[in-house]
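Trainee: Could you take me closely through one part of this model, the sheet and what packs on it?

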Amino acid sequence: MTLVKKPNAADFRDSFREGAPEAPEVVDEPLFCETCDRTCERFADAALRGEAVSVGYGDRVIIEPMDVAVPAGEITSIIGPNGCGKSTLLKALSRTMPLCGGAVYLDGRAIAEMPTAEVARKMALLPQSPQAPAGLTVGELVALGRYPHQKGFGRLTDDDKRIIDWALSITHLGDFAARPIDALSGGQRQRAWIAMALAQDTGLILLDEPTTYLDMAHQLEVLELLQTLNRDQGKTIALVIHELNLAARFSDWMIALKAGAIRGAGTPAEVMTPALLREVFGLDALIVPDPWTARPSLVSYRLAGEE
């Protein structure tokens with residue numbers, strides 16, 4: 001695999017003084033992990049992990065056998081081009097799609113052997129573009145998150161109501177509880193679904209493209225909420241995301257997929273490199289430290305090989 005040296009901020013400033021930057025210099029030094037397998041230090045205590053996981057339809061393989069880990073207590077982003085298997089991997093890890101091979105472990109237990117209600121009490125999944133029944137209010141949607149915890153006739157207990165109120169409060173939706181979901185803006189609607197996931201009161205939250213169709217301000221709003229949940233509530237979060245700079249800014253761990261296989265896994269500094277973006281996306285990328293966060297930031301790119 002060809003690896004390249006990551007440009008620094010001085011290189012970036014010089015490029016504007018001197019014109020268009022040259023293609024990144026090719027070097028031999030490894031800059032990122034090849035995979036996220038059982039030799040990775042984060043694999044042993046992962047909140048969710050897959051061992052030799054594979055997914056397919058008939059003879060078509062979507063996910064090649066892979067070892068993958070979602071580190072406990074951290075934010076993990078899954079990145080990659082369209083059709084590479086990101087959403088499929090999330091579904092396989094959450095037991096919403098059957099495996100062709102391998103096994104998934106939730107808190108060290110084989111998820112396939114766990115009762116559905118127990119899984120729902122430990123892990124919440126927010127799918128891509130979820131739909132609510134017409135007329136359902138925000139409060140009613142969030143209350144659905146308590147279903148895995150209910151017994152008997154399914155009446156809300158005082159504890160249920162307390163958690164629902166907390167989920168509405170932390171997502172800034174307390175004043176919207178009686179409003180229909182279909183009357184909300186895109187950002188408000190996404191926060192309502194996140195509130196429902198929070199009402200499940202799980203330690204692990206999986207989200208499939210939670211920032212899709214949102215403008216930049218609402219994307220930041222959603223991701224800052226997830227970061228708050230991670231830092232203040234200790235939630236482990238894994239999400240599929242297309243916006244690379246947002247993934248690098250908010251993640252502790254990143255997994256890069258291409259054609260159903262892991263091409264790199266590690267910290268944002270290890271994954272957001274010209275070498276990996278060329279390998280995964282076919283791009284020549286200019287990456288510098290973000291002046292506000294010091295995280296790697298993609299400032300310009302072109303198709304690999306363009307002059």
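Mentor: In this predicted model, six strands form an open sheet in the order 8-9-10-5-11-12, and the pairing within it is mixed. Its edges are strand 8 (123-126) and strand 12 (261-266), each of which pairs on one side only. Averaged over the sheet, and with direction ignored, neighbouring strands are turned by 15 degrees against each other. Strands of a sheet pair through backbone hydrogen bonds, in either a parallel or an antiparallel sense.

Helix 10 (residues 274-281), for its part, lies across strand 11 and strand 12, running at about 35 degrees to strand 11.

Helix 7 (216-233) also leads on to helix 5, whose buried residues pack against it as well as against helix 4 (138-144) and helix 6 (186-199). Those buried residues are Asp160, Ile163, Ile164, Ala167, Leu168 and Ile170. The length of helix 5 (residues 158-170) can be checked too: at 1.5 Å a residue, its 13 residues should span 18 Å, and because its end C-alpha atoms are 18 Å apart, the two values agree. Helix 5 is followed by histidine 172, which has a positive phi, near 60 degrees.

Terms used. Residues are numbered from 1 along each chain as its sequence is written. This is a predicted model: local features need pLDDT of at least 70, side-chain atom pairs count only at pLDDT 80 or more; totals for chains, interfaces and linings use all residues. Side-chain values use heavy atoms; hydrogens and water are left out. Helices (H or I, at least four residues) and strands (E, at least two) are DSSP runs, numbered from the N terminus. The expected span of a helix is 1.5 Å times one less than its number of residues. Buried means under 20% relative accessible area, exposed over 50%, partly exposed in between (1.4 Å probe, protein chains only). Contact means heavy atoms within 4.5 Å. Two strands pair if DSSP finds at least two bridges between them. Axes are lines fitted to C-alpha atoms, for helices over the stretch in contact, and angles run from 0 to 180 degrees between N-to-C directions.
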